[in-house]
Amino acid sequence: MNILTYTEPVQDSRYIAECSDEAIFSMNGNPMHRGYYNLVVSIRDVKLFVAGMKAHRSWRLKDVKDYFGVKGNKENVLKQLIRLREEYIALGEMDRQEEEINKEYHEEE
């Protein structure tokens, strides 16, 4: 299975740009990427849309698709957004493990 985060449309999207270290802000005292916050909120909004409601008057699925670089109908977009969230969490765990290994390696020296 391919990693959706590494596909070209997603890599070229604003989502990836806002998952950089320059786009970190404080949410309830904890650091968070602006892209991840938008991902979580967009999953909520698309779930509402699948149920037959719009998040607000000017909300459009096309804006979500453009921001994240995903395609398809509302159900497929929701599946892709959930997959992006799972990949974000998994890639973050891999980074934390790598940092711990590097820290242990440098302590041994």
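Is Tyr37 buried, partly exposed or exposed?

Modeller: This is a predicted model. Tyr37 has a relative accessibility of 33%, so Tyr37 counts as partly exposed. The range for that class runs between 20% and 50%.

Now the ring partner. Tyr37 pairs with Phe25. Their ring centres are 5.8 Å apart. Their planes meet at 85°, so the pair is edge-to-face; that class needs an angle over 60 degrees. The pair links distant parts of the chain. Phe25 is in strand β1, while Tyr37 is in helix α3 (residues 34-50). The two are 12 residues apart.

Strand β1 covers residues 24-27 and runs antiparallel to strand β2, residues 30-33. Four bridges join them. Ser26 has Pro31 of β2 as its bridge partner. Two residues lie between the strands of this hairpin, and Asn28 takes a positive phi near 55° there.

Back to the rings. The count comes to five aromatic pairs. One of them is Tyr15 with Phe68, a tilted pair with 5.2 Å centre to centre and 50° between the planes. This pair also links distant parts of the chain: Tyr15 is in helix α2 (residues 14-17), Phe68 is in helix α4 (residues 61-68), and 53 residues separate them. Tyr15 is buried, at 2% relative accessible area. Phe68 is buried too, at 1%. Ring pairs link Tyr15 and Phe68 with Tyr67 into a cluster.

Lys74 lies over the face of Phe49, 5.3 Å from the ring centre.

Methods: Residues numbered from 1 in each chain as written. Predicted model: local features only at pLDDT ≥ 70, side-chain atom pairs only at ≥ 80, totals over all residues. Heavy atoms only, no water. Pairing = 2+ DSSP bridges. Phe/Tyr/Trp six-rings, centres within 6.5 Å; stacked < 30°, edge-to-face > 60°. Buried < 20%, exposed > 50% of the residue type's maximum accessible area, 1.4 Å probe, protein only. Lys NZ or Arg CZ within 6 Å of the ring centre and 35° of its normal.
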